[in-house]
Amino acid sequence: MKLSKLYSNKPFHNTTFITDKGGFNVVMGDAKEKRRENSHSLGKSKLGELLNFMLLKDHKSIFFYSKKTTKEKFLNKGYDFYLEILLNNGKYLTIKRSLDKPTKVSFKLNNKKSDGYIQYETFDESPKSFKKAKNYLNEQLNFDFCNQTGESYRKLVNYSLRTQGDYDPNSNTIFQLKKFIRGGDKHWKPLLFSLLGFEGSILQEKYEIEELIKNTNKTIKEQEKDFGVKSEEKDLLVGKIQQAEIKRNEVVKQLDNLNFYQQDKETIKELVGSVEEDIALLNSKLYNIEYDIKKLEESIQNEFAFDLERVKNLFEEVNIHFPNQLSKSYEQLLQFNHQITDERNTQILETLKEKKIEEKQINEDLFEKNNKREEYRGLIQDTSLFKKLMQNQKELVSIEKELSRYDGQLEAIEKIEKKKSLIEETENNDLQEKKDELKKILDNTASNELYMNIRKSFSKIVNDILNEVALITIKPYSTYNIEFEPNFPQSAKDEGNTYYKILCLAFDLAILINYKDQSYFRFVYHDDVVAGDDNGVKKRLIETVKNICIKHDIQYILTVVKDNIPPGINLDENTVINLHGNNEDGLLFKMDF
């Protein structure tokens, strides 16, 4: 499958890709031609996202929908995009996708390449759901690999459509694409294992078994928490059940024999030893508190009784002068006495309030204890079988409840033990079987012709470009969690991103070279792999890729900054899009956003 055309009903750099002789395509960006410092990128990197969108990637992570500025520019504007692809059977399939209704996809199948950029009105297929649209495209692509493994073309797309995030050297592998980082090993390693010519289903089954073991262990912990037990406490629980059964048998026996001597004995002990003692103590407290209350009430004083005018009249009657200074002193004394009396009475009332609260609580406790004493006395004095029968039946019900809880815990432990046995059996049998199969495979990688050829192609491409030897290696760890690693010189590692991108380029091309005789992708898109300061490396990269396109009929799409093209290399006849910042017409979508 190759890319034929990409176009839109709105302003856009409509593009016809080169497909003949493999097809070496260049998307050129002139970084010097920017109109202003804050202008957006020219769009060469966004081209890869758009192609992925047209190959039915979920729209939510596509740039059109990710930011407010892009939403305002593109959404609800009537944008339709069309991608024409050349199928491996020689037919051409046009895919239409609208930005305003991204889950609605339409398909037009033609026997030959269309003339111009046709905006079709009628289509052969317009599946009712996005999932059905992907299934339809999967059927039309009809890749042998997908038919053999049951995988969807969508899982393979990014090995033919590398964007900047897929070159990250921090991921420490050229094989794990950005979209696989969050999903874990099981989402990409079996796929890659199959792609290299091994039985990926074995690795997939190993991951599934390990996940089953992990989930079962999680269930065991949850059950232990819910039932409040641990499987190693089984014997302790058996002992508790034994004691509860002994107690139950005694109560049943007493009921059968109507022998209540032991219950009466326990009741008398409780009455004499505890209840009566509590009542005596409470009565003593009550007496003391009532005495305190009485004294406090008596100590509350009324207003200070002193009539100054009466004293003055008395002095006049006996013709004795009453000095003004003395009158003033008496008034001050009177005021002071009022103040002292008020403060003292306030404190007494507060204390009296607390004492009465305490008196009320003691009376309530006494009421409860007296009722309990009467209940015990009633049990001792009343020999009617009915009352004692009811008490023992309640005790029997309580014991039965306890036994039922213990039985539930014991049953949970037995289920947990079965799960642990299942885990042990699975580890010793199923999981070990998969590990043994993987060991056998990895002990005989030389017998895998496809793997050896892919490795050979990879090493040749790296050597042609870098003049260095690099290898694809597979490392099995003790748990047979397989690691795929590129082995290459330390000098290349020190160079960082540029060499890392070249390793990704070599791997993607090695896959396509060795799948050329099958129905598979026939194109690869690499965003900005021609970078760095070494013009010799860049020149050899371009020449190597051009030769591969011709020799193996592979379509290659390269985005490149004009300044990164080494001297002596002319890519004019291969350039399908020229992007610049002179004006909006030079931008991919012919506008800033």
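Analyst: Let's start with what makes a pair: rings of Phe, Tyr and Trp (its six-membered ring) pair if their centres lie within 6.5 Å, and planes under 30 degrees apart count as stacked, over 60 as edge-to-face and the rest as tilted. With that in hand, here's the part to zoom in on: Phe12, Phe53, Phe63, Phe64, Tyr65, Phe74, Tyr79, Phe81 and Phe589 form one aromatic cluster.

A bit of housekeeping first. This is a predicted model, where local features need pLDDT of at least 70, side-chain atom pairs count only at pLDDT 80 or more, and totals for chains, interfaces and linings use all residues. Residues are numbered from 1 along each chain as its sequence is written, and side-chain values use heavy atoms, with hydrogens and water left out.

Across the whole structure, a search turns up 32 aromatic pairs. Take Phe64 and Phe74: their ring centres are 4.9 Å apart and their planes sit at 75 degrees, so this pair is edge-to-face. It also ties together distant parts of the chain, as Phe64 is in the loop between α1 (44-54) and α2 (68-74), while Phe74 is in helix α2, 10 residues apart. (Helices are DSSP runs of H or I with at least four residues, strands are E runs of at least two, and both are numbered from the N terminus.)

Buried here means under 20% relative accessible area, exposed means over 50%, and partly exposed is in between (1.4 Å probe, protein chains only).

For another example, look at Tyr520 and Phe521: with ring centres 5.5 Å apart and planes at 80 degrees, they are edge-to-face. Tyr520 and Phe521 are both buried.

A charge sits over a ring if NZ of Lys or CZ of Arg is within 6 Å of the ring centre and within 35 degrees of the ring normal. Elsewhere, the charged end of Lys206 sits over the ring of Tyr207, at 5.1 Å from its centre.

His13 is buried, with a relative accessible area of 17%. Leaving aside neighbours within four places in sequence, His13 is in contact (heavy atoms within 4.5 Å) with residues including Leu6, Ile577, Asp585 and Lys590.

Now zoom out. The chain has 15 helices and 12 strands, and 43% of its 593 residues count as buried. Residues 24 or more positions apart account for 71% of the contacts in the chain with a separation of 6 or more.

How far can you trust it? pLDDT is the predictor's confidence in each residue, from 0 to 100. The chain averages 82, and 81% of the residues score at least 70. Over residues 35-40, though, the pLDDT is below 50, and this stretch has 12 contacts in the model beyond near neighbours in sequence. Where pLDDT is low, the predicted coordinates should not be read in detail.
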